[in-house]
Amino acid sequence: MAAVAATVVPSITSKLSTSSSSKQPTILNYRPAIILPGLGNNSSDYEKLQVTLKQVYGVPSVVPKVSRLDWLRNAAGLIDPNYWRGTLHPRPVLDWYLERTHEAVSQAMLLAQEADGGGGCVSLIGHSAGGWLARLYMEEYGTSSISLLLTLGSPLSPPPKDSPGVIDQTRGLLDHVERHCAPAVYNPELRYVCVAGRYIQGARFFVNSNGDSSNSIEIPTGSDLQQSMSEESEEVTLSNKTTSTLIATETTTRSRIVGQGYKQVCGKADVWGDGVVPEVSAHLEGAMNITLDGVYHSPVGSDDTQNPWYGSPSVVEKWIHHLLT
């Protein structure tokens with residue numbers, strides 16, 4: 001695997017304190033971190049990241065107790081008319097997640113009291129949806145004990161309204177966060193650091209206008225994917241076939257499928273991202289925004305060598321200094 005490269009926007013440089021370099025990482029030298037799981041993830045998905053933080057860098061961490069089945073609680077929103085209107089409110093749908101996050105923060109605060117130089121504060125690390133859920137937590141519970149919000153591949157902005165073929169997967173929750181949560185800042189009291197990955201570039205679907213069925217795949221007519229394709233741009237023209245539409249595969253099929261996922265998040269398919277969240281959606285105005293090349297979205301389906309995610313050791317070393325300062 002090529003070395004992970006990093007791009008930082010804006011250019012803000014943080015220097016590590018030399019006074020702590022001689023201390024052993026097994027001692028609680030730094031403020032504790034709370035790792036907020038992403039949608040569909042459970043607490044155990046972050047165990048290797050916790051080990052890396054503690055054993056390599058001396059950063060203790062706590063993960064809210066979340067199982068994959070817990071996410072089914074969000075289905076309670078289906079009975080709320082706001083869900084179908086795309087104007088869903090966080091409460092009561094997300095009460096369970098916010099409460100478990102608060103329990104984890106309380107546990108981390110006890111660790112902070114023991115940490116040398118912790119200052120009684122903690123860091124929040126939000127992976128994927130955990131990033132915007134962290135913003136919601138901060139709005140609900142305050143930021144007096146939080147000195148850093150570090151987001152990893154988080155969709156932080158709602159998709160553009162009235163974009164053809166785009167449906168807000170959060171059913172209005174991200175729009176609520178954008179309208180009601182405090183804007184991102186980067187100052188001595190509270191720092192927002194937003195990390196995006198450039199793992200794969202998405203691509204649009206387009207019709208094989210030459211009528212050549214070689215190098216093509218069949219997309220069933222009337223499917224959700226075809227409907228999204230038909231609305232994607234003026235360049236897309238559906239054929240008159242009754243059973244399928246022939247789609248040229250000049251770029252890989254995977255990049256086209258990934259592109260449709262990107263489109264649901266940011267309104268565009270042909271953009272770079274981590275395989276799930278587009279780079280542009282993982283950054284926030286007012287934050288320190290960082291892009292890492294070759295980084296995959298999730299711990300599920302990743303490995304630490306050929307397919308690293310944000311929590312792989314080689315990637316952690318690119319953002320860990322934000323937790324140490």
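**Notes on the model**

1. Some ground rules before going on. This is a predicted model, in which local features need pLDDT of at least 70 and side-chain atom pairs count only at pLDDT 80 or more, while totals for chains, interfaces and linings use all residues. Residues are numbered from 1 along each chain as its sequence is written, and side-chain values use heavy atoms, with hydrogens and water left out. Helices (H or I, at least four residues) and strands (E, at least two) are DSSP runs, numbered from the N terminus.

2. How many salt bridges does a search of the whole structure find? It finds ten. One of them joins the side chains of lysine 48 and aspartate 304, at 3.1 Å from N to O. Lysine 48 is in helix α1 and aspartate 304 is in the loop between β11 (288–293) and α8 (313–319), so the pair ties together parts that are 256 residues apart in sequence. Lysine 48 is exposed at 60% relative accessible area, whereas aspartate 304 is partly exposed at 30%.

3. Another salt bridge brings together the side chains of arginine 68 and aspartate 45, at 2.9 Å from N to O. These two come from distant parts of the chain, 23 residues apart: arginine 68 from the loop between β3 (61–62) and α2 (81–85), aspartate 45 from the loop between β2 and α1 (47–57). Arginine 68 is partly exposed, with 39% relative accessible area, and aspartate 45 is buried at 16%.

4. Have a look at helix α4 (residues 129–141). Its 13 residues reach 18 Å from first C-alpha to last, close to the 18 Å expected at 1.5 Å a residue (the expected span is 1.5 Å times one less than the number of residues). Ten of the 13 residues are buried, so α4 is largely enclosed by the rest of the structure. Among the buried ones are Trp132, Leu133, Arg135 and Tyr137. The buried residues of α4 pack against β2 (33–36), α3 (95–114), β4 (122–127), β5 (146–152), α5 (173–180) and β6 (191–198).

5. Serine 128, in the loop between β4 and α4, has a positive phi of about 55 degrees although it is not a glycine, and it is buried at 10% relative accessibility. Just after α4, glycine 142 takes a positive phi of about 95 degrees.

6. Arginine 171, in the loop between β5 and α5, is a residue other than glycine with a positive phi near 55 degrees, and it counts as buried at 16% relative accessibility. A cis peptide bond joins arginine 91 and proline 92, with omega about 10 degrees, and proline 92 is in the loop between α2 and α3. For context, most residues other than glycine have a negative phi, and most peptide bonds are trans.

7. Arginine 91 turns up again in a network of salt bridges that links Arg91, Asp95 and Glu140.

8. What lies on the surface as a nonpolar patch? Leu78, Ile79 and Trp84 do, with about 390 Å² of accessible area together. Patch members have over 30% relative accessible area and no salt bridge, with like charges joined within 9 Å and nonpolar side chains (Val, Leu, Ile, Met, Phe, Trp, Tyr) within 5 Å; areas come from the Shrake-Rupley method with a 1.4 Å probe, and for residues only the protein chains shown count as cover. Isoleucine 79, in the loop between β3 and α2, is exposed at 76% relative accessible area.

9. Last one: threonine 52 in helix α1 is buried, at 10% relative accessibility. Leaving out residues up to four places away in sequence, threonine 52 touches Tyr57, Pro313 and Val316 (contact means heavy atoms within 4.5 Å).

Key:
Buried < 20%, exposed > 50% of the residue type's maximum accessible area, 1.4 Å probe, protein only. Salt bridge = Lys/Arg side-chain N within 4 Å of Asp/Glu carboxyl O.
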